[in-house]
Amino acid sequence: MTILTTARLRLEPINESHYERMRTLNTDPEVMTYLNAGQPETEEVTRAAITRTMGRWVEWGYSWWALIRLDDGELVGMACLQHLSGDRANPLEIGWRLARTGWGQGYASEAAAAIVAHAFDVVGAPEVVAVAHPDNAASIKVMTRLGMQYVGMERHYDIDSVVYRLARP
């Protein structure tokens with residue numbers, strides 16, 4: 001399993017050791033505003049996500065990473081490389097979810113840039129996509145900062161979503 005490192009973050013594959021901090025993140029109503037219909041995740045959903053993620057690391061060689069701040073070891077979020085909607089027939093998607101303590105500090109952009117490089121240079125993806133709730137201005141800003149181009153609106157994860165795309169250079 002792949003560990004990525006940026007100037008400020010260690011991206012390590014999510015496993016059971018991340019459960020408690022993920023629960024805190026996934027039950028914060030502000031973090032979940034544009035995710036899961038705005039509802040906090042249940043304990044069962046978080047545990048199932050960890051199990052699914054660990055399986056995808058084995059099957060695909062990529063999935064969700066925990067974003068660990070290098071200076072203090074704090075889990076400030078999660079980010080992923082996965083097949084859109086979990087279907088291998090779909091393009092690779094990048095995504096992120098940050099704790100409020102990580103908002104506005106560039107962690108999502110930093111992690112996403114490392115994941116995009118990994119997707120293109122190691123996985124060999126021809127493109128990556130990202131989706132977000134149309135009101136999620138912070139995520140859309142990260143997408144545009146990465147050089148992604150707006151594709152349109154599509155339905156993903158039970159919400160109408162903006163879709164952005166970045167082709168391999």
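Select helix H1 and then the elements that its buried residues pack against: helix H2 (43-60), strand E4 (75-83) and strand E5 (92-98). Contact here means heavy atoms within 4.5 Å. Helices (H or I, at least four residues) and strands (E, at least two) are DSSP runs, numbered from the N terminus. The model is predicted: local features need pLDDT of at least 70, side-chain atom pairs count only at pLDDT 80 or more, and totals for chains, interfaces and linings use all residues. Residues are numbered from 1 along each chain as its sequence is written, and side-chain values use heavy atoms, with hydrogens and water left out.

**Stop 1: helix H1**

Display the side chains of residues 19-26, which form H1. Which residues of this helix are buried? They are Tyr-19, Met-22, Arg-23, Leu-25 and Asn-26. A residue is buried under 20% relative accessible area, exposed over 50%, and partly exposed in between (1.4 Å probe, protein chains only).

Turn the view to look down the axis of H1: the buried residues fall within an arc of 165 degrees, so they line one face of the helix. The arc is that of the directions from the helix axis to the C-beta atoms. As background, an α-helix has 3.6 residues a turn, so residues three or four places apart point the same way.

Next, select Glu-20, which also lies in H1. Is Glu-20 buried or exposed? At 57% relative accessibility, Glu-20 counts as exposed.

Arg-47 lies over the face of the Tyr-19 ring, at 3.8 Å from the ring centre. A charge sits over a ring if NZ of Lys or CZ of Arg is within 6 Å of the ring centre and within 35 degrees of the ring normal.

**Stop 2: aromatic pairs**

How many aromatic pairs does a search of the whole structure find? It finds three. Rings of Phe, Tyr and Trp (its six-membered ring) pair if their centres lie within 6.5 Å; planes under 30 degrees apart count as stacked, over 60 as edge-to-face and the rest as tilted.

Select Trp-57 and Trp-65, one of these pairs. Their ring centres are 5.0 Å apart and their planes stand at 85 degrees, so the pair is edge-to-face. Trp-57 is buried, with a relative accessible area of 3%, and Trp-65 is buried at 0%.

Now select Tyr-150 and Tyr-164. The centres of these rings are 5.5 Å apart and the planes are at 65 degrees, so this pair is edge-to-face. Tyr-150 belongs to strand E7 (residues 149-156) and Tyr-164 to strand E8 (residues 159-167), so the pair ties together parts that are 14 residues apart in sequence. Tyr-150 is partly exposed, with a relative accessible area of 46%, whereas Tyr-164 is buried at 10%.

**Stop 3: two loops**

Stay with E7 and E8 and select Tyr-157, in the loop between them. Tyr-157 has a positive phi of about 55 degrees although it is not a glycine. Its relative accessible area is 41%, so Tyr-157 is partly exposed.

Then move to Ser-85, in the loop between E4 and E5. Its phi is near 60 degrees, a positive value in a residue other than glycine. Ser-85 is partly exposed, with a relative accessible area of 40%.

**Stop 4: Ala-112**

Select Ala-112 in helix H3 (residues 107-123). Ala-112 counts as buried, at 2% relative accessibility. What does Ala-112 touch, not counting residues up to four places away in sequence? Its contacts are Ile-94, Trp-96, Val-142 and Leu-146.

**Stop 5: the whole chain**

Finally, show the chain as a cartoon. It has four helices and eight strands, and from the N terminus on the elements run β-β-α-α-β-β-β-α-β-α-β-β. The radius of gyration is 15 Å, close to the 15 Å that the globule rule gives for 169 residues, so the chain is as compact as a globular protein of that length. This radius is taken over C-alpha atoms, and the rule is 2.2 Å times the number of residues to the power 0.38. Along its principal axes the C-alpha trace spans about 35 × 30 × 30 Å. Of the 169 residues, 50% count as buried.
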